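Visitor: Could you walk me through how to read this fold? I would like the general idea and then the case at hand.

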Amino acid sequence: MYRIMYLSRAVVRFSDDELEELLLKARQNNSKRNVTGLLILKGRSFLQCLEGNKEDVLEIFEKIKNDDRHDSLIEVIEEEDSKRYFPNWYMGYKTINELDEVRTKKLIDFSESKNINAFSNDDISEIFKEFIEVK
Ligand SMILES: Cc1cc2nc3c(=O)[nH]c(=O)nc-3n(C[C@H](O)[C@H](O)[C@H](O)COP(=O)(O)O)c2cc1C
């Protein structure tokens with residue numbers, strides 16, 4: 001199982017309809033390839049986790065990287081793992097309001113930071129792990 005997490009910035013703030021359309025498309029494509037993950041939005045900052053077979057994840061990530069609705073894309077984590085964080089979500093979606101205070105602060109610091117290296121992979125993983133569904 002292969003995982004990518006990245007941070008990016010929407011060129012223009014997404015309306016609710018635009019976001020819904022994006023998620024619909026993402027879920028359609030991801031379900032065909034059994035790619036799962038989570039998208040977090042805070043203002044114009046996106047943080048996304050994509051996981052699945054390496055080939056499938058990279059193919060989808062390539063499309064995402066070329067999407068001109070966002071820019072300043074920074075890949076923060078690329079790793080192999082034995083299991084998925086989000087096995088049940090073809091693309092879950094959360095706003096920052098659903099994060100607890102500590103995670104929120106971390107994510108805001110992170111998304112506003114010019115120095116991406118100030119954040120460890122563990123910091124970023126922690127933000128996502130908050131949402132892992134316990135079955
Ligand atoms: C922040 C963000 C996250 C996205 N996430 C996904 C995703 O998880 N899966 C996906 O297929 N497309 C995602 N997209 C859309 C892709 O960039 C692209 O528009 C889409 O995959 C095109 O699909 P199509 O080739 O079937 O038309 C995302 C776009 C943005 C801006």
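Guide: Strand β1 (residues 2-10) runs antiparallel to β4, and eight bridges join the two. Helices (H or I, at least four residues) and strands (E, at least two) are DSSP runs, numbered from the N terminus. Two strands pair if DSSP finds at least two bridges between them. This is a predicted model, where local features need pLDDT of at least 70 and side-chain atom pairs count only at pLDDT 80 or more, while totals for chains, interfaces and linings use all residues. Residues are numbered from 1 along each chain as its sequence is written.

Visitor: Which residue in β4 is the bridge partner of Tyr 2?

Guide: Tyr 2 has Glu 80 as its bridge partner there. Further along, Leu 7 stands opposite Ile 74 of β4.

Visitor: How many bridges link β1 and β3?

Guide: In general, strands of a sheet pair through backbone hydrogen bonds, either parallel or antiparallel. Here β1 and β3 pair in the antiparallel sense, over eight bridges. Within β3, Leu 50 is the bridge partner of Ile 4.

Visitor: In what order do the strands form the sheet?

Guide: The sheet is open, with five strands in the order β4-β1-β3-β2-β5 and mixed pairing. At its edges stand β4 (70-80) and β5 (92-95), each with a single partner strand, so one side of each is left without a neighbour in the sheet.

Visitor: Which strands does helix α2 lie across?

Guide: Helix α2 (residues 54-65) lies across β1, β3 (45-52) and β4, and runs at about 155 degrees to β3. Axes are lines fitted to C-alpha atoms, for helices over the stretch in contact (C-beta atoms, placed from the backbone, within 7 Å), and angles run from 0 to 180 degrees between N-to-C directions.

Visitor: Which elements give two or more residues to the shell around the ligand?

Guide: A residue is near a molecule if its C-beta atom, placed from the backbone, lies within 6 Å of it. Of the 16 residues around the ligand, Ala 26, Asn 29, Phe 46, Lys 63 and Asp 67 come nearest. The elements giving two or more residues to this shell are α1 (16-33), β3 and α2. Its largest share, five residues, comes from α1.

Technical notes: Two residues are in contact if their C-beta atoms, placed from the backbone, lie within 7 Å.
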